[in-house]
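This report describes a model of several protein chains, going from domains to chain contacts and then to local elements. The sequence and structure come first.

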Amino acid sequence: MHSGHVGCPGCGATIAMRLFMKAMGEKTIMVLPACCWTVIAGAYPTSALKIPVLQTAFETGGATASGVRAALDMKGDTETTVVTWAGDGGTFDIGFQSLSGAVERNEDFIYVCYDNEAYMNTGIQRSSSTPYGAWTTTTPGQDWKRMRKKNIVEALVAHRIPYVATANIAFPEDLVRKAKKARSIKGSKFIHVFASCPTGWRIPSELSVKIARMAVQTNIFPLYEVEDGIHYTINQKPKEYLVREYFKLQGRFRHLTDKDLDQIQTMVDEDWALLLRKAEARI
Amino acid sequence: MKRVLEGSHAVAEAVRLAKVQVVSAYPITPQTHIVEIISDYCAKGKMNAKFIPVESEHSCLAALVGAQSAGVRTFTATSSHGLALMHEILHWVSAARLPIVMVDVNRALGPGWNIWSDQSDSLSQRDTGWLQLYCEDSQEVIDTVLQAFRLAERVNLPVMVVLDAFFLSHTYEPVDVPEQEEVDRFLPSYSPRFTLDTANPYTLSPLVTPAFYMEMRHDTALAMDEAMACFNEIEEEYAALFNRRYGSVEAVACDDAEIILVTSGTITSTARLLLEELRAKGEKVGLLKMKMFRPFPVEAVCRALGRAKKVAVIDRNFSFGAGGIFAQEIKAALYKLPVHPTVFGYIAGLGGRDVTTAVLEEIYIKTREADLPSQASIWIGLQEVKYAN
Amino acid sequence: MNLRPLFMPRTHETTEGNKTGSWRYLRPRYEDKTSPCSAACPAGEDIARIEMLSAQGFFKEAWETILRENPLPGVCGRVCFHPCEGSCNREGFDSALAIHTIERHLADTAARNDLKPALEKLALQPQKIATIGSGPAGLSAAWFFTMLGYACDIYESLPEAGGILRWGIPEYRLPAAVLRTEIGRIESQGVRIVTGRHISESELNNLLSNYSAVFMGCGYSRSTPLGVPGETPESVKDGLEFLRSVRQGEKPPCQGLSAVIGGGNTAVDVARTVIRLGGKAAILYRRRRQDMPAFEEEIVMAMEEGVELHELLAPGAIEAQGDQYRLILRKMKIEGQDKDGRGRIVPDGDKTGEVTVERIFTATGADVAEPWYNPPSDKPGTIALSHCQIRFDKKGLPLVYGGDLTNATKNVTQAIASGKQAAMAIDTYFQQGSDAIESRLASCRVGDGLSLSMEVYMQGARRLRSFHIVRPEEINTDYFQFEARVVQPRLLVEERAGSFDEIDMRISANLAIREAGRCFNCGLCNQCDNCYLYCPDVAVIRGRNMEDRHINFDYCKGCGLCAAECPRNAVTLEGEGI
């Protein structure tokens, strides 16, 4: 990754890309559907990335990668890895069909969703990955988002693909390890990367990594892997901070009352208990 | 080798002979036979290609964007709603300068659900930067699909080869299927002008500001213009090898015609029958078959139609608020002539309604009997509507 | 066929032409700051750096870092009261770092491997310095004078050098062999130690004509008398004298019960020595246990070894009773507080107690052996610094008093600090005159305390450190896991009784590295590379030199992540354009 890209100061998506590309190396082709990175990557004639990149329409992350992979297979290329790098919009919402189709076919590629929890590129509108309680421009004021964040990881786990994992920019070694692991597996791999957004979350840029770390420490974004849709491994024992510590640092949650936060704590605890049960289940 | 094939099968044969490497498709009546036959070829090893059974047409074309960008020859087929769903990516493919070849089986758009022949689907994509070539019979299909790959790869623009639903896709006809070695002489393996290559990395389709966008679009326009000449060159080459050519248009008995019928697709075959009958009766009638629609063959159309008194365009399509699309484009083409025939626009055969010689004869007589068209578009064969409320 | 070139959406340059540094309104700067431990250390040791090097396995370099500020790590690693650990920022996280354990390990490792330090020395100066007394102050003064380029002679009246280190502190706390190695190193730097040479007051003037300056480090070697009726040389023994004779190899009679009057380390040392020589000992202290100046650990161990401790008892009178002595004691009680924070004692009415003992030791305080050792603080023209006083003779030659003679707090490390300060002051006096001393020394302060850094004085890299002392809340503890402090093994009580073997045992290099790894390295970049890893703009550049990191300001957007994610506050964010 080159300097000179136009990511916001403190952008988590750029940290995610940098760490991920460290793990991938040169023999990588990236499919890049519309997302913040479309712009971050630089305007014609420049590119911030050192590998071949195919930018593509918003909802086509999974399908385009399937095509690239098919072509490489026909050319006898067994070394190059195909990666789709998409935002939460292009993964959870408009791109979900294409993703689901591609992984149902167990296409051999890595799909990375860097999640900044809203349509940030178009100006902070809500997506189905926006968390319960958040302000966005389309869930403003009292209409703050009262839907839970879609659990994309479990949706992908249900496809029984070889590898699904969550990762977080504040846990760089874990992210790199998972990326390298994904690279070594054949079939569909999905990595959900938590990428904080100072601009959209209304936090100071220097807290970008800390907030990401707190998401794991509060169990809001647990770090875990699922192999073959069955074997769960939880990677990080959380510090079990209260979620309100995480929420009160972000402007996008400023409107929440103590009662709201208590309710959210219950929701997070339930989800974590559910995950633990899945991790402990033996088949 | 001569075989009796339905149109769909002819497509599949051409795709096999062209040594396409990646095919992606989503089934939609009446394209399904094309997809099934190609699938079968891939599974049996008759074709060395990867078949991606995508989950929608939009994904289908997106997958080909990926595959073609990575440097292999690709193909797909669709129809009607499938083509409509691909619309966003149709624009994308041409602006990305990817030489993808696609067969569209002309089928009506719903509601109401209608699986039969209608040109509205392909024609409503006329602004997307794809070349469009319309076929009359299965022989033309196999020849045109093969030429399409040469043409697309020559100008780096995608080519859409169009067949009528059922009339062409599902009708069996004798077809001379070329041998593989002959085709190899005509169509070499794909050599991309740009590709995704880790040894030479760059980004395809990045953000482009107003400072550069217009020039890129202009380059595409220039390529489309070149396609006209390239088509003729390629047809020459093909004719030299296979002794068949079609032309961007085919003018039949137009030199001394007073009235010229303009048709496209399988209606042309019906029109040829009527032409014989009418000529036998001494009518000074001609027929212009439109094969190429994009780029629109303005020169050829002006040459063929310029001296006639009247032109009757048969459109199996309609652009609401404007009129039959072939008619509009022909009027526009003729505009530059200081003297040009009166153009009568007829709408017939929508939703697969049969266009018989009787229908065409009615059109001919109406044209002959009127100095000017009674309406901007004349709908032929409309029945009385009984249950409107 | 000539194909027309394609003009299409395809890139051919990198984004490096876009200098995003123009976005910035805050700017990061690598700024090493002062760790609280180094400010608390009287010798101003660069502790954060010592631990950093130790954790990386660079034991020799870590040891040399100590030697730049303290020539006696083997001593301090054993007997210093380690105020560094009391100010350790890790205390609030899990537990303070065992700094003294690591310091001892480094010294022992150097000794075991016979390492020779590579230290900076300034160019040879014409002046020669004389030091009287080879205790910690004198040894330290000589060491630092030598670093500054001065030839130095030490005159020691006793047969072996070391002062209180050799003749006061017992063998089980500071083995003589260790001390000899430490002193040997000082000598190998060029210091000449003349033992068995007592300097009298008249000889002092001789010295002043043969040398350019004299350092008085004679210390306190005489215990303060009790000042009670019945006190005679037979009835009350000098505690320090007792310790000295034991360290000379003698075995003075200790059978029966000995009373030790006092509450400092000397009293505890005397009591524990008596135990080891077969006797019983009872410490009688006029205040409470928590008021005792002795190290708490020493008191605990003493009591484990069987020493009795009796509080709030002051000596009243002594009566001989045959071979024994009857010691009358006045009971004391606490009323209010003294100005040093300790409880104020007053006699508890007329209450008394008594005890019959074989002998009585006084260890209530110490004083100079000869009165002229004391600095004449009232004389005009005397420069009084925090740890030494400088008087000029008729010819303007400086006579410096230091160590216990001048220090407010009297212990080994403060004495070492005193020697260092004296060397700096005299060197400044020679080079720039006495008016420059205060400001020159002030520029060498470590943080905001009284400790001085010789490395800074000699224009070493440490001079670039900011004076800001890193506070616990400035440490990003997200990067540290709870980890238990190393436990330095120790002889069991049964093993200690009857033996003068060293009590605290050594630790392995493995444990030393692990413990040093617990150090936060407050304020000091330890090349963890968080800044490099997290910079979204790839604007942190690692230089060829392992320790070099710098910011590429062409691209730095001033997001501040490098500063926030530096676990140890070694990056400062400031306004752009300032």
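## Domains of chain C

In this predicted model, the centres of domain 3 of chain C and domain 4 of chain C, taken over C-alpha atoms, are separated by 32 Å. The contact between them takes seven residues from domain 3 of chain C and seven residues from domain 4 of chain C. On the side of domain 3 of chain C that touches domain 4 of chain C, three residues are nonpolar, two are polar and two are charged.

The domain assignment divides chain C into four parts: domain 1 (15–31 + 525–575), domain 2 (45–117 + 489–517), domain 3 (128–221 + 368–463) and domain 4 (223–365). Chain C has a mean pLDDT of 93, with 99% of its residues at 70 or more. For the model, ipTM is 0.93 and pTM is 0.89.

Within the pairing, C:Leu329 in E13(C) is opposite C:Pro315.

Chain B contains 13 helices and 16 strands. Its C-alpha trace spans about 70 × 55 × 50 Å along the principal axes. The radius of gyration of chain B is 21 Å, which agrees with the value near 21 Å for a compact globule of 389 residues. Of those 389 residues, 56% count as buried. Among contacts in chain B with a separation of 6 or more, 81% are between residues 24 or more positions apart.

Chain B is divided into domain 1 (2–242) and domain 2 (251–379), and their C-alpha centres lie 28 Å apart. Their contact takes 26 residues from domain 1 of chain B and 21 residues from domain 2 of chain B. On the domain 1 side, helix H6 (120–123), strand E6 (131–134) and helix H9 (210–242) of chain B each supply at least two residues. H9(B) gives the most to that side, with five residues. By class, the domain 1 side has 14 nonpolar, six polar and six charged residues.

Helix H12 (residues 325–334) of chain B has the buried residues B:Ile325, B:Phe326, B:Ala327, B:Glu329 and B:Ile330. These buried residues of H12(B) pack against several elements of chain B: H6, strand E11 (259–263), strand E12 (285–290), helix H11 (298–305), strand E14 (310–315) and strand E15 (342–347).

## Contacts of chain A

Chain A is in contact with chain B and with chain C. The residues that take part are listed by contact below.

| Contact | Residues from chain A | Residues from the other chain |
|---|---|---|
| Chain A with chain B | 38 residues | 36 residues from chain B |
| Chain A with chain C | 26 residues | 29 residues from chain C |

On the side of chain A that touches chain B, two or more residues come from each of strand E1 (28–33), helix H2 (36–40), strand E3 (53–56), helix H3 (61–74) and helix H5 (96–104) of chain A. H3(A) makes the largest share of this side, eleven residues. The classes on this side are 19 nonpolar, 13 polar and six charged residues.

E3(A) also pairs across the contact: with strand E9 (residues 203–204) of chain B, E3(A) forms two bridges in the parallel sense. One of the residues involved is A:Val53, whose bridge partner in E9(B) is B:Thr203.

On the side of chain C that touches chain A, the elements giving two or more residues are strand E1 (13–14), helix H19 (530–534) and helix H20 (561–565) of chain C. H20(C) supplies the largest share of that side, four residues. This side of chain C has twelve nonpolar, ten polar and seven charged residues.

A strand pairing also joins these two chains: strand E2 (residues 46–47) of chain A and E1(C) pair in the parallel sense over two bridges. In E1(C), C:Thr14 is the bridge partner of A:Ser47.

Conventions. Residues are numbered from 1 along each chain as its sequence is written. Chains are lettered from A and ligands numbered from 1 in the order in which they are written. This is a predicted model: local features need pLDDT of at least 70, side-chain atom pairs count only at pLDDT 80 or more; totals for chains, interfaces and linings use all residues. The radius of gyration is taken over C-alpha atoms; the globule rule is 2.2 Å times the number of residues to the power 0.38. A residue is buried if 20 or more other C-beta atoms lie within 10 Å of its own, exposed if 12 or fewer, and partly exposed in between; C-beta atoms are placed from the backbone. Two residues are in contact if their C-beta atoms, placed from the backbone, lie within 7 Å. pLDDT is the predictor's confidence in each residue, from 0 to 100. Ala, Val, Leu, Ile, Met, Phe, Trp, Tyr, Cys and Pro count as nonpolar, Asp, Glu, Lys and Arg as charged, and the others, Gly among them, as polar. Two strands pair if DSSP finds at least two bridges between them. Domain bounds come from an automatic or database domain assignment.
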